[in-house]
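Okay everyone, have a look at the screen while I bring this one up. I'll talk you through it piece by piece.

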Amino acid sequence: GLDLLTAEGRTRAWTSIEDQAPTRVFLPPVRTPWSVMQFLNNADNVKREQKKTKPMLEFVKDVCLHQIRKKQLFIVENPRTSRMWYQEDIGEILDQ
């Protein structure tokens with residue numbers, strides 16, 4: 001698999017999406033920093049871990065919007081209770 005937390009992983013994934021033009025894209029963003037259970041931990045540590053995932057969330061948004069423009073499908077896998085769904089980048093997808 002590709003590590004979407006790294007610029008290299010995101011670049012390789014994007015290249016594959018452009019080259020293969022899939023009708024469906026499955027995106028499994030990192031869940032741990034957005035779990036409701038994380039709010040039992042030190043808030044500064046949680047925010048630091050969440051900040052590390054921001055480029056990945058922007059990538060997820062870009063891929064989803066790309067799929068929407070192409071009239072293709074995507075699945076973003078994360079629990080319903082995840083705080084990820086409340087982030088601005090993800091909100092842009094939900095507003096579509």
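Asp 89 is buried, because its relative accessible area is 19% and buried means under 20% (exposed is over 50%, partly exposed is in between, with a 1.4 Å probe and protein chains only). You'll find Asp 89 in helix 4. Helices here are DSSP runs of H or I with at least four residues, strands are runs of E with at least two, and both are numbered from the N terminus. Not counting residues up to four places away in sequence, Asp 89 touches Lys 54, Leu 57, Glu 58 and Lys 61. By contact I mean heavy atoms within 4.5 Å.

Quick housekeeping before we go on. This is a predicted model, where local features need pLDDT of at least 70 and side-chain atom pairs count only at pLDDT 80 or more, while totals for chains, interfaces and linings use all residues. Residues are numbered from 1 along each chain as its sequence is written, and side-chain values use heavy atoms, with hydrogens and water left out.

Now to helix 3. Which residues of helix 3 are buried? They are Met 56, Leu 57, Phe 59, Val 60, Lys 61, Val 63, Cys 64, Leu 65, His 66 and Gln 67. And what covers them? The cover includes helix 1, strand 1 (24–27), strand 2 (73–76) and helix 4 (88–94).

The axes of helix 1 (residues 7–20) and helix 3 (residues 54–69) come within 11 Å and cross at roughly 5°. An axis is a line fitted to C-alpha atoms, for helices over the stretch in contact, and the angle runs from 0 to 180 degrees between N-to-C directions. So helix 1 and helix 3 are roughly parallel to each other; that label goes to angles under 35 degrees, with over 145 being roughly antiparallel, 65 to 115 roughly perpendicular and the rest oblique.

Who meets whom there? From helix 1 we have Arg 10, Ala 13, Trp 14 and Ile 17, and from helix 3 we have Pro 55, Met 56, Phe 59, Asp 62, Val 63, His 66 and Gln 67. Sorted by class, the contact of helix 1 with helix 3 has seven nonpolar, two polar and two charged residues. Nonpolar covers Ala, Val, Leu, Ile, Met, Phe, Trp, Tyr, Cys and Pro, charged covers Asp, Glu, Lys and Arg, and the others, Gly among them, are polar.

Let me zoom in on Phe 59. Phe 59 is in helix 3 and counts as buried, at 7% relative accessibility. Leaving aside neighbours within four places in sequence, Phe 59 is in contact with Leu 4, Arg 10, Ala 13, Trp 14 and Leu 27.

The largest nonpolar core has 16 residues, and Leu 27 and Val 60 have the most contacts inside it. A nonpolar core is a set of buried Ala, Val, Leu, Ile, Met, Phe, Trp, Tyr and Cys residues joined through side-chain atoms within 4.5 Å. Helix 1, strand 1, helix 3 and helix 4 each give two or more residues to this core, and helix 3 gives the most, with six residues. Leu 27 touches Phe 59, Val 60, Val 63, Cys 64, Ile 75, Val 76 and Glu 77, again not counting residues up to four places away in sequence.

Over to the loops. Trp 85 sits in the loop between strand 2 and helix 4. Is Trp 85 buried, exposed or partly exposed? At 21% relative accessibility, Trp 85 counts as partly exposed. Trp 85 and Trp 34 are 51 residues apart in sequence, and 8.8 Å apart in space, C-alpha to C-alpha.

Last stop, some backbone angles. Most residues other than glycine have a negative phi. Ala 21 has a positive phi of about 45° although it is not a glycine. Ala 21 is in the loop between helix 1 and strand 1 and counts as exposed, at 55% relative accessibility. Just after helix 3, Lys 71 takes a positive phi of about 60°. Lys 71 counts as exposed too, at 75% relative accessibility.
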